Amino acid sequence: MKITVFGATGGVGREVVRQALDAGHEVTAVVRDPARLPVPAHERLRVATVADVTDEDALAPVLRGQDAVVSALGSNSNKQARLSPVAGPALRAIVSAMDRAGVRRLSAVSAAPLGPEHEDDGVLARAVFMPLLRRALRDVYADLAVMEAAISASGTEWTVIRPPKLTNKPRTGTYRRAVDTNLPGGRTIARADVADALLSALTDTATTHHTLGVAT
C-alpha cells in the first residue's frame, strides 16, 4: 500500500512511518522540516516538504497516486491550538486534496475526551475528571472537533482514532478497541499502539465511517 503520513515528525506520526515501512508499505512522510524526521533513509520512504498543510494546491501532488492517508496532526499545547489551530484547518484541506487526487481511505488521530464517557466509569471520572480535562484543554479539543466535523462531512472512507493520555511505552499490539465509544477505565495508551491502530484501520472495513476508542 502507498500511504501518505501527515504529522510525520510527531510522536505518533514517526511511529506510523516506522511501522508502515516495517510492514512493507511505501510511505510518503509530509514534513515542514525534513531534519526533524527521526527515521533513517529507506528505499520505500519519500519525504515531502510542505510548508503549509492547509494549502490544498500544495497537498495535491503529495497525494497523487496514493492508496491511503494517515493524519497524526494536532496541536502541541492549548495555547498553540488557541492561537494557531492545526488539525481542523489542515484536515479541511487534506480531504479536499484527497478528493482531487482520487484517494479514498483516511485514518486520523483525535482524542478520547471528544467521545462519550463510558457508563461503567465511576462518578468521579464522569463528573469531575473529564470536565476538568475538557476545560483545561478546551482549545485543543475545539480544534479536534473541527477536524472530526471536516472528516465526517467528507467523501472519504474514514476512521477516527480517539486515544486517552499518550505514553512512550513500546508497542504491544494488545490494546483494547471499541467502536463509537470510549473504553471503561481507559486512561493511557502508548503512542506506538495508536500508530498500530491508525494503520490497522486502513484495511479494517468494519471501522469505516466510525470513531474508534483505544486504550490499554
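1. In this predicted model, Arg82 has a relative accessibility of 48%, so Arg82 counts as partly exposed. Arg82 forms a salt bridge with Asp139, and the closest N and O atoms of the pair are 3.4 Å apart. This pair links distant parts of the chain: Arg82 sits in helix α3 (residues 78-83) and Asp139 in helix α6 (residues 138-152), 57 residues apart. Asp139 is at 19% relative accessibility and counts as buried, because buried means under 20%.

2. How many salt bridges does a search of the whole structure find? The search finds eight. Side chains of opposite charge can pair when their charged atoms come close.

3. Another of these pairs is Arg100 with Glu56, where the closest N and O atoms are 3.1 Å apart. Here too the pair links distant parts of the chain, with Arg100 in helix α4 (residues 87-101) and Glu56 in helix α2 (residues 56-63), 44 residues apart. Arg100 has a relative accessible area of 48% and is partly exposed. Glu56, at 25% relative accessibility, also counts as partly exposed. Glu56 and Arg100 belong to a network of salt bridges that includes Asp57.

4. Arg171 forms a salt bridge with Asp196, with 2.7 Å between the closest N and O atoms. Arg171 is in the loop between β7 (165-167) and β8 (176-179), whereas Asp196 is in helix α7 (residues 191-201); the two are 25 residues apart, and the pair links distant parts of the chain. Is each partner buried or exposed, or something in between? Arg171 is partly exposed, with a relative accessible area of 48%. Asp196 counts as buried, at 10% relative accessibility.

5. Now the sheet. Eight strands form an open sheet with mixed pairing, in the order β3-β2-β1-β4-β5-β6-β10-β8. β3 and β8 stand at the edges with a single partner strand each, so one side of each has no neighbour in the sheet. On average, neighbouring strands of this sheet are turned by 20 degrees against each other, direction ignored.

6. Strand β2 (residues 26-31) is mostly covered, with five of its six residues buried. Strand β1 (residues 2-6) pairs with β2 in the parallel sense over five bridges. Ile3 has Val27 in β2 as its bridge partner. Between these two strands the chain passes through helix α1 (residues 11-22), and this β-α-β crossover from β1 to β2 is right-handed. β2 also pairs with strand β3 (residues 45-49) in the parallel sense, over five bridges. Val30 stands opposite Ala48 in β3.

7. Strand β6 (residues 157-162) and β10 pair in the parallel sense over four bridges. Which residue of β10 is the bridge partner of Ile161? The partner is Leu212.

8. α2 lies across β1, β2, β3 and β4 (68-71) and runs at about 150 degrees to β1. α6 packs on the sheet, where α6 touches β5 (105-109) and β6; the direction of α6 makes about 155 degrees with that of β6.

9. Thr211 counts as buried because its relative accessibility is 10%, and buried means under 20%. Which residues does Thr211 contact, leaving aside its neighbours within four places in sequence? The contacts are Trp158, Val160, Arg162, Ala178, Val179, Asp180 and Thr181.

Technical notes:
Residues numbered from 1 in each chain as written. Predicted model: local features only at pLDDT ≥ 70, side-chain atom pairs only at ≥ 80, totals over all residues. Heavy atoms only, no water. Buried < 20%, exposed > 50% of the residue type's maximum accessible area, 1.4 Å probe, protein only. Contact = heavy atoms within 4.5 Å. Salt bridge = Lys/Arg side-chain N within 4 Å of Asp/Glu carboxyl O. Pairing = 2+ DSSP bridges. Right-handed = clockwise from strand over helix to strand, strands pointing away. Axes fitted to C-alpha atoms, helices over the stretch in contact; angles between N-to-C directions.
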